[in-house]
Amino acid sequence: MTLVKLALAALVLGLSACQTKAGSSAADRTATVDLSVPEIRAAISAALAKTLNRGRVELGVTASDQTSTVTVLPPPLGPHETHSTAVPIRFDIIRRKGECLAVRADDGSVNALPGVTCEVVR
């Protein structure tokens with residue numbers, strides 16, 4: 001019985017060592033977007049609103065206009081709410097096969113950013 005448990009433990013450890021982050025690929029490159037360009041900011045907001053099933057989203061303020069991370073702020077409190085447990089959602093910007101994508105940091109889901117241009121970080 002102990003040999004069976006040892007074999008199962010080795011199998012579990014072996015399988016967990018092979019896991020990779022969801023949505024990541026060897027061809028993925030970290031990229032930046034320029035949030036000072038109104039068209040790019042609007043395209044990112046529209047794409048992430050659709051991804052999150054919201055009518056609109058508010059992007060968080062970044063230290064500079066060129067960023068490789070975009071943060072979506074939680075919805076504002078309603079008139080009868082005093083607090084919220086909602087947290088900001090972070091998306092990392094990557095470029096894959098010439099296309100700009102947003103990778104949700106908490107679950108690794110990959111989302112298209114149509115109409116967005118991004119530059120690969122060198």
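Predicted model: local features only at pLDDT ≥ 70, side-chain atom pairs only at ≥ 80, totals over all residues.
A residue is called buried when its relative accessible area is under 20%, exposed when over 50%, and partly exposed in between, using a 1.4 Å probe and protein chains only. Residues are numbered from 1 along each chain as its sequence is written, and side-chain values use heavy atoms, leaving out hydrogens and water.

**The disulfide**

- Taking a disulfide as a pair of cysteine sulfur atoms within 2.5 Å, the count here is 1.
- The partners are cysteine 100 and cysteine 118, with their sulfur atoms 1.9 Å apart.
- The link between cysteine 100 and cysteine 118 is left-handed, with -105° about the S-S bond.
- Cysteine 100 sits in strand β5 and cysteine 118 in the loop between β6 (110-112) and β7 (119-120), so the pair ties together parts that are 18 residues apart in sequence.
- Strands (E, at least two residues) and helices (H or I, at least four residues) are DSSP runs, numbered from the N terminus.
- Cysteine 100 also counts as buried, because its relative accessibility is 5%.

**Arginine 104**

- Let's stay in strand β5, which covers residues 99-104 and includes arginine 104.
- The side chains of arginine 104 and aspartate 106 are joined by a polar contact of 2.6 Å.
- A polar contact is a pair of N or O atoms within 3.5 Å; within protein, one must be able to donate a hydrogen and the other to accept it, and residues adjacent in sequence count only if both atoms are side-chain atoms.
- Leaving aside residues up to four places away in sequence, arginine 104 touches several residues, among them Leu52, Phe91 and Asn111; contact means heavy atoms within 4.5 Å.

**Threonine 67**

- Threonine 67 belongs to strand β2 (residues 66-67).
- Is threonine 67 buried or exposed? It counts as buried, because its relative accessibility is 11%.
- The threonine 67 side chain reaches the backbone oxygen of threonine 69 at 2.8 Å.

**Strand β3 and its partner**

- Strand β3 (residues 69-72) has Val70 and Val72 on its covered face, and Thr69 and Thr71 on its uncovered one.
- Strands β3 and β4 (residues 89-96) run antiparallel and are joined by 4 bridges; two strands pair if DSSP finds at least two bridges between them.
- Valine 72 has isoleucine 89 as its bridge partner in β4.
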